[in-house]
Amino acid sequence: MAMDITGRKLFVKALLEEGVDTVFGYPGGMVTDIMDELYKHEEISLVLPRHEQGLVHEAEGYARATGRTGVCIVTSGPGATNIITGLADAHYDSIPLVCITGQVPLNLIGNDAFQEVDIVGMTRSITKYGVTVRDRKDLGKILKMAFHIAKTGRPGPVLIDLPKDIQTAMGPGEYPLSVAIRGYKPNESVHIGQLKKGYKLLKSAKRPLFLIGGGINIARANDKMLELVEKTRVPVVTTVMGKGAVPTDHPCYVGNSGMHGRYAANMAVGECDVLFSIGTRFNDRITGDLNEFAPKAQIVHVDIDTASISRNVVVDVPIVADANLALEKLLEWAEPQQTQEWMEQIQEWNQENPLEMRRDRGMTPQMILEELNRQLQEGIIVTDVGQHQMWATQYIELNEKKQFITSGGLGTMGFGFPAAIGAKIGCPDKTVICISGDGGMQMNLQELATAMAQDAKVIVCIFNNYYLGMVRQMQQLFYGKRYEATCLRRRKGCPGDCKGPNAACPPYEPDFVKLAESYGACGIRVTKEEEIAPAFEQAKQCGTPVLIEFMIATEEIVLPMVKGGNPMTEMILK
Amino acid sequence: MTKNRWIALYVENQVGVLAKISGLFSGKSYNMQSLTVGTTEDETVSRMTICVTSDDITFEQIKKQLNRMVEVIKVMDFTDKPIHMKEILFAKVKECTVEDKAELFQIAQVFHVEVSDIGTDSILLECKMTERRNNELIDLLKSKFKQIEIVRGGGVAIESISTSCAGRSEYFRK
């Protein structure tokens, strides 16, 4: 029998036994004991952000880049509510997090005590598991459960609400090696019969197509996926989250499908006769009008989450399995297929409508991203949410040396910059590039201080078009250019019926270059194409985080585009 | 096909589990008719009986969503299974005349329910019937009497032992 120890000691013991060397923490009255315990442990480094939303996205970026579980520690009340957006983001994109929220002492719960909120209640639908520790003797088991649940099956965020008195109470000192949870049995096998059925269907197809979602990247099964594609010669389209499942320069890779997908990719989904999908939940941004989605295809669906299968799209062959296991089996059977003609058809579509932005209106995102592709041989690209994100999913080239991180499911503006900091903290030897818009960047600007403090030398590329561009694009196309609430230059004195930029427009704020400099970071402004490459060169020489502001054409839009709810083959191309 | 379906759930007997289950139904717009919960022979486990109205696809989704919850130990689908199902119902009829009382005794006899309390101008019926049968009784009382007070407990269901006990006892008259 080990001696009794305090809850705070057991907590740190648990972190050490789980191999946690980095935690993201923001202090407050109800976590001071934990923080004090961490002070004694040099082997765990604590990252202090400047806002809890920044904190949780940093933990997400760390988890997405390393594949390890991100650990967050925040205080009760506002500390806890500030991480809610990040929990939802991680839940949607299946990111393993263990979040510890401080809580008022047990005897005060329910009294509307200072900084008391029912955070477990608030986050029930956006966490994989959440619980308040009510008995010190359960603490070890609950922590073990948290790490186990976060990482296994379909990963996700777990929230442990830890009352202050539990942190100081004496209790058992053991941290269990394993834990059995009777209601939680993540799928660890694959139904061979079903998989065989799915493979037979694929093999019999004349126009087969792989549709790959984020599941391959999460399972880190990219090598196996590539091998399967090479063996079968079946073309591949990806979702936003699935991008990078196979190298983007591979002859079998068509591109992203969906709302802003490549013309050829959406046409391929529309015309294929067998759609073999892995690790996607057929989100509305991928399917468009459900009745018109892959109308000629029989659909095979491999996913680790039973609830993702046959929810949005009714499939012909459902297969519940981890992508890794399914691919291992498929590789045993895989044989080359006659896809020559089908590939030529896809090529034709590609030539009909290639991905291309016009070059006669100044510096375009395409020019910047193509230069980025040349400059970045390996590293991590993190995006925020909006037009720049869609351009990045269209133009960024990926291979086994490059990773792409984005907020796909929740579409959280303000995600990109902190996530890039977290990725850099997790992978200090890799180049980390953040692509953001001028809107999203301003949602977690304060993390510039965190980047400085952590010496996280990320290169932030802000695509500044003076607008909240994704919404402005909709206003441009569907709302008669009535730019309500999307112009970031707009001031009180501006005319109410403004239809776009003109000579009388007020100056833009903030001045991102000066802002970066005020934090001691490096700021560069790029206004024309010739300056792009030198700016990246300069950024590499800076010994600090760098912020490059690209002044792009203001009314540039993301094309192709499918209007929400329309069939994916009805694309706006010009 | 949209119809009423029965699910029995074994769940962890812990704080917040009921909120989590009911939150799933409201959050995902599933149509819940009734939910009952109580502890079982194992005090760490609670059992719920849930009646939902849904089509086949939604019902499959409901079962999957319940199954993936960490706190849910087992999901049992009673659709197309022989089950015993009962619901407790109290019906208090007020402002009764003497004739009303006589009629209520007749109704109680026909429905096989107990008259468990009586006052100068009111009568309390205690019923243990299927939900459907309880609905029928309530409809009848509403059509006949002005002042009624109803409290019902929601159905509880358990699988039949002898499958010969004829189809689904939900439809038994008694």
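1. I7(B) stands opposite D77(B) in β4(B). Strand β4 (residues 72–77) of chain B pairs with β1(B) in the antiparallel sense, over five bridges. Two strands pair if DSSP finds at least two bridges between them. Strands (E, at least two residues) and helices (H or I, at least four) are DSSP runs, numbered from the N terminus.

2. The model is predicted: local features need pLDDT of at least 70, side-chain atom pairs count only at pLDDT 80 or more, and totals for chains, interfaces and linings use all residues. Residues are numbered from 1 along each chain as its sequence is written, chains are lettered from A and ligands numbered from 1 in the order in which they are written, and side-chain values use heavy atoms, with hydrogens and water left out.

3. β1(B) also pairs with strand β3 (residues 45–54) of chain B. The two run antiparallel and are joined by 10 bridges. A8(B) stands opposite T49(B) in β3(B).

4. Strand β1 (residues 3–12) of chain B has eight of its 10 residues buried, so the rest of the structure largely encloses it. Buried means under 20% relative accessible area, exposed over 50%, partly exposed in between (1.4 Å probe, protein chains only).

5. The structure holds 11 aromatic pairs over all chains. Rings of Phe, Tyr and Trp (its six-membered ring) pair if their centres lie within 6.5 Å; planes under 30 degrees apart count as stacked, over 60 as edge-to-face and the rest as tilted. F24(A) and Y62(A) are edge-to-face, because their planes stand at 70 degrees, with ring centres 5.6 Å apart. F24(A) sits in strand β2 (residues 22–25) of chain A and Y62(A) in helix α3 (residues 52–66) of chain A, so the pair ties together parts 38 residues apart in sequence. Both F24(A) and Y62(A) are buried.

6. F25(B) and Y30(B) form an edge-to-face pair, 5.8 Å centre to centre and with 80 degrees between the planes. Both F25(B) and Y30(B) are buried. In chain A, ring pairs link F463(A), F536(A) and F550(A) into a cluster.

7. Two arginines deserve a look. R472(A) lies over the face of Y467(A), 5.0 Å from the ring centre. R133(B) lies over the face of F111(B), at 4.3 Å from the ring centre. The criterion: NZ of Lys or CZ of Arg within 6 Å of the ring centre and within 35 degrees of the ring normal.

8. V471(A) lies in helix α21 (residues 469–478) of chain A. V471(A) is partly exposed, with a relative accessible area of 41%.
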